[in-house]
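I opened a notebook page for this structure and set down what I looked up, entry by entry.

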Amino acid sequence: MTDVSSSFAFLSGDPGSPVILHVPHSSREIPGDVRSGIVLDDAGLERELDHITDSHTASIAEAAALAAGVTPWRFVNRLSRLVVDPERFPDEREEMLAVGMGAVYTRTTHKDVLRPEDFDAEPLIERYFRPYARAMTEAVADRLAATGRAVIIDVHSYPSAPLPYELHGDGPRPEVCLGTDSFHTPPGLLAAAREAFAPCGETGLDSPFAGTYVPLEFYGKRAEVSALMVEIRRDTYMTEPGGPAGPGLRGLASALVTLIDTVSH
């Protein structure tokens, strides 16, 4: 059994920083009792982790946090998204249910069976998803109380070639995709991100992945909570799929520093 308190980490930043770097998909860790509910053999599971994990995004966020003029706060998922995906809706609102990838995945990136059709997701949602959501809600509330605003920057990555599970994989795949929300992504935040990541290549909007993550308590209600998803194409900083990081990681971390420093003031 994994202690829920160790399944994610909220890492302190500067008391005056409104920025939370959110890193939900960087880990490959799966507790043994959760592993037993996955039907893939060990080799198959390693292959799936190679494809589904946003490898090294925690390292990008860490490097940026350490170098930023005003240290941002970091909320990091310590478990694989194959345990639960904290960024999905836990109910029928989630469009990824169509490919077996709601809050608890039942299918792989290649649409193979990951968990049995009759798998009961509720224990995993209760044990991991809800505590994570509560903690992230508290983290945002903490920044609002301290600074009057919160800026959530989601740090993700995506493969250079579409995977079969992608619902919107036929659009552009720029070096950096910026996911936006009509309510929570103000023009200034988007402009700052475009400028910060310009040295890394083309920046595009909401393709192949769209939207942002905002805890439901604030979603569509509190404009002081702004949010942006940064999706980095994996071939720009690592060997695909699931391989080591390369020299591109430093440039991306530097770009993230620029964004953090711009929106911190």
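Before the first entry I need one term: a pocket, as I use the word, is an open set of grid points with protein on both sides within 12 Å along at least five of seven lines. The model I am reading is a predicted one.

**Entry 1, the largest pocket.** I looked up its volume and found about 1,000 Å³ of space in the largest pocket. Which residues lie closest to its centre? I noted Glu-87, Arg-88, Phe-89, Glu-94 and Thr-212, out of 43 residues in the lining. I then asked which elements give two or more residues to this lining, and wrote down α4 (122-147), β4 and β7. Helix α4 has the largest share, with five residues. I sorted the lining of the largest pocket by class and got 20 nonpolar, eight polar and 15 charged residues.

I searched the whole structure for cavities of 30 Å³ or more, and one came up. The space in the largest cavity is about 50 Å³. I listed its lining as Ser-7, Asn-77, Leu-79, Ser-80, Val-83, Val-84, Tyr-128 and Tyr-132. How many residues of this lining are charged? I counted none, against five nonpolar and three polar residues.

I counted six helices and seven strands. Read from the N terminus, the elements follow the order β-β-α-α-α-β-α-β-β-α-β-β-α.

Strands of a sheet pair through backbone hydrogen bonds, either parallel or antiparallel. In what order do the seven strands lie here? I traced an open sheet in the order β1-β3-β2-β4-β7-β5-β6, with mixed pairing. At its edges I found β1 (8-11) and β6 (203-205), each of which pairs on one side only. From one strand to the next the twist averages 20°.

I went on to β5 (residues 176-179), which runs parallel to β6 and is joined to it by three bridges. Within this pair I noted that Val-176 stands opposite Thr-203 in β6. I then looked for what helix α5 (residues 187-197) packs on, and it is the sheet: α5 touches β4 (150-158), β5, β6 and β7 (225-233). The direction of α5 makes about 25° with that of β7.

Where are the cis peptide bonds I noted? One joins Ser-207 and Pro-208, with omega about 10°. I placed Pro-208 in the loop between β6 and β7. Another cis bond runs from Glu-240 to Pro-241, with omega near -15°. I placed Pro-241 in the loop between β7 and α6 (248-263). I also checked phi at His-56 and found a positive value of about 70°, although this residue is not a glycine. His-56 sits in the loop between α2 (42-52) and α3 (57-67).

Note on methods. Residues numbered from 1 in each chain as written. Predicted model: local features only at pLDDT ≥ 70, side-chain atom pairs only at ≥ 80, totals over all residues. Heavy atoms only, no water. Pairing = 2+ DSSP bridges. Helix = DSSP H or I, 4+ residues; strand = E, 2+ residues; numbered from the N terminus. Axes fitted to C-alpha atoms, helices over the stretch in contact; angles between N-to-C directions. Contact = heavy atoms within 4.5 Å. 1 Å grid on protein atoms, 1.4 Å probe; cavity = no way out; pocket = protein on both sides within 12 Å on 5 of 7 lines; lining within 4 Å. Points joined across faces, edges and corners; volume = space filled by probe spheres on them. Nonpolar A, V, L, I, M, F, W, Y, C, P; charged D, E, K, R; others polar.
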